Amino acid sequence: MTASDVLSTAYTDAVNDTVATAVPAELLEKLRAVVGEGGMLTGQDVASRHPGVFMSRIEADAILRPTSTEQVARILELCNAARQPVVVQGGMSGWVRATQTKPGDVVLSLERMNAIESVDLANRTAIVQAGVILETLQDHLQPSGLSFPLDLGGRGSCQLGGNAATNAGGVRVIRYGMMREQVLGVEAVLADGRVVSSLNRMIKNNTGYDLKQLFLGSEGTLGVITRLVLRLRELPSSSNTAMICASSFEQIAKLLRHMDGALGGQLSAFELIDNNFYRVNTGPGRHQPPLPSDKPYYAIIESLGAHQARDSEVFEQALERGIELGLIDDAVIARSEREKQGIWEIREDLEHLVKDFRPFYAFDISLPVGDMEEYMRRVTARLRSGWPEGAIAFLGHVGDGNLHIAIGAGTEDQRHDVEACVYEPLADFGGSVSAEHGIGLEKKAWFPISRSPIERGLMQELKNLLDPNGILNPGKIFESTGPAEQA
């Protein structure tokens, strides 16, 4: 059983307050005519589909699987006229229930729009349809010597359209930035069926508003992304990975700066793992521990470059200097691809954590690196005051200020109280309740901690402007005010 399976069965789906209304048969027939007989799923074909994390099943009247932007446009035109709610689903690897459905919804899946349309070697760009799997593009580019540097644990199932709609991050943000930095152009379909084709292929284009940014990170609430122009990078030909341990967070923070400077721009990942997480994943019968399990903090450090022998020497010298400066207690360098994979599996494997922490809560927050130690202390103290036997573990992309927190405490009825331990302290640090996973339904109640009333009001105005009937992913991020949500 995978971690997603455990989460899906362990989590109780939220009950929607609205009364479900079946999609009219006449509308379903019109939609079937658009996508063809194989393009619409209903009944058991819907219920048997993979529901994603946190959901036990997909509850919707139909799943539409278009094959072109034109079909997407016609679907939205029909649904908008009928005030029919539409939920866009990609690879279903999200963690905030942005793709959750209810009876009476129509699901729009981009899975059949999965073509890599072109790769421009000179311009180092790729034009892809939104349903292309991230790992598929990575594998496709490798023979050409180019790469798409976004990388995350769900690479084998997440779709690029979903990566854009959630502004995905991952382990290499410190070097390449989030999805926003990787997208040059977007084609998207508005709620009324109009197609915004902004397939810019240039890095520099300063002509007015950057409209693509409206759709990046919008979680399917402003439009449906159908095609993307992606910025590609040269495929690194050298790779070095190490795991280190330290006795204090001060060492970790100083080591981050040291390694970034010493590696001359080659630092591509700096991943924090605390002792609790390390012990869970390196316990008996689990992953082999490369270092003793008696230190408070561990970090995985990765560099990517162009000359293996030279880069390995620089990498090792940087680590040795870190030891001399007292920033590292101990370190192990991966000497083979297998050893490298073994180190990364300790970080990426969540199955043991989900199994041991019950009930399991996962959080994704960000704040300045200099405030992380105090924040972790406060969260731990608050949790312990309410649940002395509760379990907590920290990990994350500390290089870009992103912490993931795993908690096993209380009961499902106490979920809000557990969440308060994590989210409320962020206000004192100017932190974000979501670093890279979005808001969806999961974090909607805590959204005001990170965004002011004016900011949230402006977002609502944009939603009302682009989707006045509220048909696109209604109720996600904030409450919709359109007729579709009120029905």
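Analyst: The centres of domain 1 and domain 2, taken over C-alpha atoms, are 43 Å apart in this predicted model. The domain assignment places domain 1 at 25–109, domain 2 at 238–348 and domain 3 at 351–449.

The sheet is open and has seven strands, in the order 15-12-14-13-17-18-16, with antiparallel pairing. Its edges are strand 15 (330–333) and strand 16 (360–366); each has a single partner strand, so one side of each is left without a neighbour in the sheet. On average, neighbouring strands are turned by 15° against each other, direction ignored.

Within the sheet, strand 13 (residues 267–274) pairs with strand 17 (residues 391–396) over two bridges, in the antiparallel sense. Ile273 has Leu395 of strand 17 as its bridge partner.

Two helices contact these strands. Helix 15 (residues 372–386) packs on the sheet and touches strand 14 (297–305), strand 16, strand 17 and strand 18 (402–408). The direction of helix 15 makes about 160° with that of strand 17. Helix 16 (residues 415–423) lies across strand 16 and strand 18, and runs at about 30° to strand 16.

The largest nonpolar core holds 51 residues, of which Tyr375 and Ile407 touch the most other members. Domain 2 and domain 3 both give residues to this core, so it lies between them. Leaving aside residues up to four places away in sequence, Ile407 touches Phe357, Pro359, Phe360, Tyr361, Phe363, Leu383, Ala391, Ile392, Val418 and Val422. Another core, of 28 residues, lies apart from this one; Leu137, Phe215, Leu222 and Leu232 are among its members.

Technical notes: Residues are numbered from 1 along each chain as its sequence is written. This is a predicted model: local features need pLDDT of at least 70, side-chain atom pairs count only at pLDDT 80 or more; totals for chains, interfaces and linings use all residues. Side-chain values use heavy atoms; hydrogens and water are left out. A nonpolar core is a set of buried Ala, Val, Leu, Ile, Met, Phe, Trp, Tyr and Cys residues joined through side-chain atoms within 4.5 Å. Buried means under 20% relative accessible area, exposed over 50%, partly exposed in between (1.4 Å probe, protein chains only). Domain bounds come from an automatic or database domain assignment. Contact means heavy atoms within 4.5 Å. Two strands pair if DSSP finds at least two bridges between them. Helices (H or I, at least four residues) and strands (E, at least two) are DSSP runs, numbered from the N terminus. Axes are lines fitted to C-alpha atoms, for helices over the stretch in contact, and angles run from 0 to 180 degrees between N-to-C directions.
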